[in-house]
Amino acid sequence: MKFVDKRVITMAVYVLGNLLNYMDRFSLAGVLDDIQIYYSINDSRAGLIQTVFTVSYMMFAPLFGYLGDRYSRRTLIAISLFIGSLAHLSGSFMTEFWSFVATRVVFGIGAAGFITIAPTIISDIYAKDMRSRMLALFCFAIPVGSGLGYIVGSEAASVGQDWRWALRVTPTLGLICLICVLFTLDPIRGKSEGGAKIERTSWGEDIKYLLHNPTYVLTTCGVTCVNFIAGSLTWWGAKYIILGQKLQGALEDQEK
C-alpha cells in the first residue's frame, strides 16, 4: 500500500477516535438527571464526576507527551483507547457512586493519552498547509463528537430504558477503532520535515523550554479559559434547559 493511502487511513482512524473520545466525555451530560437519581447525589457531587475526569486528564497529559517522544506512539494510542473504552463501559456496571467516580478518573487517563499523541502523528505525516488542514479536520470532531455524545447517550438510555446504556454504545466502536489503529502509520519524529533526527531531552529541560515559549504559554492560557467556560456549559447545559422549561411551565400554570 502506498504511503499516501496509509496517510488517509491514519487520518480517518484518528478523526474517528477523536469523535468517539468527545462522545464518551459528554454522553453522561445527556443523562445527568438520571445519574443523580440513581446514586442519590446533589449537584455538587454531580459536578465532581466531571471534575475528577478533568483533573486526571490534566495530570496524565504531560506524562503521555513525554512517553510519546520516547516510545511507539501507535502503541500508546492503542493502549489509551483500550483504557478509555474499558473505563467508560465499566462505569455502567458500578452500583456505588465512588466506584463510578473512579472509572471517570481512569477514563481521563485514556482520553489524555489519545488526545495528546494523535495530533503529533498527524503533524508528522503532513507538512505545511496540508498539516494545518488535517489538524483542523481532527479538531472538527470535537464539537461534532460533543453534540453526538448528548444525542447518542440520551437516545441509548431511552431505548434501553436505563441511563447506563448511555455508556455501552461507544466503547464497542472504541475497540473497533483500537484495532484500526494497529494498521496506521507510526512515523519517525520529523518525517514530514525530511526525517530530521530529534535528540531526547529530560522532562525538566522540556518544561523549561516550553515555559520560555511565549506563544505556547499564552495559547495554553487561552485554551484553559475557553475549556473552563465551555466545559461548564456543556456539562450543565442540558440540566439548565430542563430546569428552565420546568420553571417556565410552572409560571404558565400560575398565570392560568
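**View 1. The largest cavity has a volume of about 100 Å³.** What you're looking at is a predicted model, so local features need pLDDT of at least 70 and side-chain atom pairs count only at pLDDT 80 or more, while totals for chains, interfaces and linings use all residues. Residue numbers run from 1 along each chain as its sequence is written, and side-chain values use heavy atoms, with hydrogens and water left out. How many cavities of 30 Å³ or more does the structure hold? There is 1. A cavity here is a set of points, on a 1 Å grid over the protein atoms alone, where a 1.4 Å probe fits but cannot get out. Points are joined across faces, edges and corners, and the volume is the space filled by probe spheres set on them. The idea is simple: rolling a probe the size of a water molecule over the atoms shows where empty space is left.

**View 2. Here is the lining of the largest cavity, made up of 13 residues.** To count as lining, a residue needs an atom within 4 Å of a grid point. N21, D24, L81, G84 and F107 are the ones closest to the cavity's centre. Helix 1 (3-26), helix 4 (73-91) and helix 5 (97-125) each give two or more residues to this lining. Helices are DSSP runs (H or I, at least four residues), numbered from the N terminus. By type, the lining splits into 5 nonpolar, 7 polar and 1 charged.

**View 3. K239 pairs with both D33 and D43.** Side chains of opposite charge can pair when their charged atoms come close. The salt-bridge cut-off is a side-chain nitrogen of Lys or Arg within 4 Å of a carboxyl oxygen of Asp or Glu, and by this rule the structure has 5 of them. D33 and K239 meet at 2.8 Å, N to O. D33 sits in helix 2 and K239 in helix 9 (residues 214-255), so this bridge ties together parts that are 206 residues apart in sequence. For K239 and D43, the closest N and O atoms are 3.8 Å apart. That pair also links distant parts of the chain, with K239 in helix 9 and D43 in helix 3, 196 residues apart. Is K239 buried or exposed? K239 has a relative accessible area of 13%, so it is buried; the cut-offs are under 20% for buried, over 50% for exposed and partly exposed in between, with a 1.4 Å probe and protein chains only. Through shared partners, the salt bridges join D33, D43 and K239 into one network.

**View 4. R164 and D162 make a salt bridge of their own.** Their side chains meet at 2.8 Å, N to O. R164 and D162 are both buried.

**View 5. S40 and Q161 have positive phi values.** Neither is a glycine, yet phi is near 55 degrees for S40 and near 55 degrees for Q161. Where do they sit? S40 is in the loop between helix 2 and helix 3, whereas Q161 is in the loop between helix 6 (128-160) and helix 7 (170-181). S40 is exposed because its relative accessible area is 68%, and Q161 counts as exposed too, at 74%.

**View 6. V55, M58 and M59 form a nonpolar patch on the surface.** Patch members need over 30% relative accessible area and no salt bridge; like charges are joined within 9 Å and nonpolar side chains (Val, Leu, Ile, Met, Phe, Trp, Tyr) within 5 Å. M58 belongs to helix 3 (residues 43-68) and, at 56% relative accessibility, counts as exposed.

**View 7. D34 belongs to helix 2 (residues 32-39).** D34 counts as partly exposed, at 37% relative accessibility. From D34 to F107 it's 73 residues along the chain and 20 Å between C-alpha atoms.

Note on methods. Accessible areas come from the Shrake-Rupley method with a 1.4 Å probe; for residues, only the protein chains shown count as cover. On a 1 Å grid over the protein atoms alone, a cavity is a set of points where a 1.4 Å probe fits but cannot get out, and a pocket is an open set with protein on both sides within 12 Å along at least five of seven lines; lining residues have an atom within 4 Å of a point. Ala, Val, Leu, Ile, Met, Phe, Trp, Tyr, Cys and Pro count as nonpolar, Asp, Glu, Lys and Arg as charged, and the others, Gly among them, as polar.
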